[in-house]
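Visitor: I am new to this structure. Could you show it to me and take my questions as they come?

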Amino acid sequence: MANIFPKWSNFVPIKIILGIGLVVTAVVAGITYYGTPKYMRVGYQPIQPVPFDHNIHVEQLGMDCRYCHTYVDRSEHSNVPSTNTCMNCHSQVLTDSQALAPVRESAESGEPIPWVRIHKTPDFVYFNHSVHVNRGISCVECHGQVNEMQTVYHAKSLSMSFCLDCHRHPEKSIRPVDEVYNLNWEASSPKEQEEMGKRFVHDWKINPPLSCSGCHR
Amino acid sequence: MSAHTDESALADPALLAKVDPVTLPKPALVENEHTLHWVTERVCTIVEDSTPRWWWVCFILACAMASFTFVGLTYLVSTGVGTWGLANPINWGWAIVNFVFWIGIGHAGTLISAILCLLKQKWRTAINRAAEAMTIFAVMCAGLFPLFHVGRVWYAWWLFPLPNANGIWPNFRSPLEWDVFAVSTYFTVSCLFWYMGMIPDLACLRDRAKKTWRKYFYGVLAMGWRSSSRHWNNYEMAYILLAGLSTPLVLSVHTIVSFDFAVALVPGWHTTIFPPYFVAGAIFSGFAMVLTIMLPLRAIYRLHDIITQRHIDCMCKIILGTGSMVGYAYAMEFFIAWYGANPYESFTFVNRAFGQYAWAYWIMVTCNVISPQLFWFKCIRENTALVLVICMFVNVGMWFERFVIAVTSLANDFLPSSWGYYSPTIVDIFTFFGTFGFFSVLFLLFVRFLPLMPIAEIKAITPAGTPHPNPDTNHL
């Protein structure tokens, strides 16, 4: 049989293997960077029907998280307040503000304000707000510095490994229970956080579930 | 004194000349004194002749059968795993039964190609290629069941320990995870072995090819093989290395499959006899399947001179040997259940033989323990049709063995309040039935397009290929 394969075909297998290697590396690197919650969720900042400014309410006026998110320490769900909560003050304050027109309309008609949801755990994940805030895990651990946000955005990845990092090492995130709603609180040093955290984990018998059924019930 | 006399008698050349050594007739491995060229022609024409009509008939039938698996799996993926008959308390049903059944069949291939190679059993050459192909296709059929039982097949890669955004690893303490490594290693090594062994024959087909597409097809697959001495030297070395590498796999894969059961605490599963018992059963079922496939092929392609009665004898004896081991294991399970004085275990075994699944148990015993005992008789080993029938019985029996182990133990375990009875659904039946079609499609393609037997190795064991021909004795 005549030789039907030219000389360059000797290197075709090596080139194919190298090419496949490059493509696989590129795909894996691309998905790792662009396909995970760190990229896909963090920074999500939808325009809300009312430009509610957390910074003004919390930092300038000194309101507590629980004035509006009333059930966060009593329920698995942290509620978004009804318009009545807004009107407690805004029936007196800034009554003519153009920005607040949708709030007044909602209060009159009884139709809720269509807030755009930012943080959402998937249907197959069970998450309980009250167990976390009552055991020294502050809002800031998952939601970021909401007290400084003029418009709320998705600050943390909230991926499964994000949850597990803290469930595996709760001492790094735990704080005194009376500082949970103080989003600016910080331990005086990382060492202090470590020591205090370990003490709280021990004293409060913190044992975060690591089994599948802990969250996927 | 007498010792001295014996020595001198042995040294006496006159006495030695009188000795007439007995010549044991050993049947030739390739009969009828064929030339070396005949071997090449015999193997290559299977691929080169125009496609026979029986092949098309079988191929279309096999495709039609395989479509049952396709329908079953499509329905499963689009609906959910609930369409299989798995429900409390029997959460392991046909899926694991079929998985173990097919994986077991695959074991003959590696045994023939690795262990028999290291033991220099020359009769293996006629059947090793087909047995390796059977192994690979059987493992593919087996893989379908664990792959699809995860439900969302596109997440099946989670079985592998890859770093991921969820921050979790598979459970390394689970034998099911060991299965992933065992089976994937086994599949990879089997593929390598199979393909590497084929390279010289693919080169032969390439060199004989007339049509351009065949030249390119076999040319690419032959990877530039030129049959030089250096090539052969490397080939032999690689072959021995792969044989050494796959030898532990023959034992490890089914050992680990048996751990799926043995590591659990369910009575009837939690026994130390499982690994050797499963390995013997796997080789048993594998050889039965090799004969089931090779006997029809031998008749169709008239390969009687290459696959001789001696080959069939050898395989029948292996089936007899491993079948007896399996029978011994069945008996030993009962003995230990009594001797161990564990009431749950005794109940399980009595329940196996006389409970709601007694019908399955006695089918298993009849097919696996009684039917291979017929191979003690030479007249039965020489009756090809009967050998085929007995092998069919063994195939059926080994499927029932896995059914009995998986289902009876789960159906009646510790809590009588949660006892149940398992029945497969139509989706289970479709999926399993179709795997025989899937297997046949692959095997028919193999027969039609790839060399069925290793040409060079068969040449080496023909009388014509013997380097020191002696008309008086057969060198094999």
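Guide: The answers below go through this model topic by topic.

Guide: Please keep in mind that this is a predicted model.

Visitor: What scores does the predictor give the complex?

Guide: The complex receives an ipTM of 0.76 and a pTM of 0.87.

Visitor: And what is the mean pLDDT of chain B?

Guide: Chain B has a mean pLDDT of 90, with 96% of its residues at 70 or more.

Visitor: Which elements of chain B have the lowest and the highest mean pLDDT?

Guide: The lowest value among the elements of chain B, 53, belongs to helix α1 (residues 2-11) of chain B, and the highest, 96, to helix α4 (residues 53-79) of chain B. Where pLDDT is low, the predicted coordinates should not be read in detail.

Visitor: Let us stay with chain B. How many helices and strands are there?

Guide: Chain B contains 18 helices and zero strands.

Visitor: What is its radius of gyration, and what would a compact globule have?

Guide: The radius of gyration of chain B is 25 Å, which agrees with the value near 23 Å for a compact globule, because that is what the rule gives for 476 residues. Along the principal axes, the C-alpha atoms of chain B fill a box of roughly 85 × 75 × 45 Å.

Visitor: How much of chain B is buried?

Guide: Of the 476 residues in chain B, 39% are buried. As for contacts in chain B with a separation of 6 or more, 83% of them are between residues 24 or more positions apart.

Visitor: Could we take one helix, α3 of chain B? Which of its residues are buried?

Guide: The buried residues of α3(B) are B:V39, B:R42, B:V43 and B:I46. They pack against α17 (426-449) and α18 (455-461) of chain B. Helix α3 (residues 36-48) of chain B has 13 residues and reaches 18 Å from its first C-alpha to its last, close to the expected 18 Å.

Visitor: Now the contact between the chains. How many residues does each give?

Guide: Chain A gives ten residues to the contact and chain B gives nine. On the side of chain B that touches chain A, α8 (175-208) and α9 (212-222) of chain B are the elements that give two or more residues. The largest share, three residues, comes from α9(B).

Visitor: What kinds of residues are on that side of chain B?

Guide: That side of chain B has three nonpolar, three polar and three charged residues.

Visitor: Changing topic, how is chain A divided?

Guide: Chain A is divided into domain 1 (12-39), domain 2 (52-80 + 119-215) and domain 3 (81-114). The C-alpha centres of domain 1 of chain A and domain 2 of chain A are 36 Å apart.

Visitor: What about A:V28: where is its place?

Guide: A:V28 is in helix α1 (residues 12-34) of chain A. It counts as partly exposed because 13 other C-beta atoms lie within 10 Å, a number between the 12 or fewer of an exposed residue and the 20 or more of a buried one. The C-alpha atoms of A:V28 and A:Y67 are separated by 45 Å.

Visitor: Which residues does a cis peptide bond join?

Guide: A cis peptide bond joins B:N88 and B:P89, with omega about -5°. B:P89 is in the loop between α4 and α5 (94-105) of chain B.

Conventions. Residues numbered from 1 in each chain as written. Chains lettered and ligands numbered in written order. Predicted model: local features only at pLDDT ≥ 70, side-chain atom pairs only at ≥ 80, totals over all residues. Contact = placed C-beta atoms within 7 Å. Helix = DSSP H or I, 4+ residues; strand = E, 2+ residues; numbered from the N terminus. Nonpolar A, V, L, I, M, F, W, Y, C, P; charged D, E, K, R; others polar. Domains from an automatic or database assignment. pLDDT = per-residue confidence, 0-100. Expected span 1.5 Å × (residues − 1). Rg over C-alpha atoms; globule rule 2.2 N^0.38 Å.
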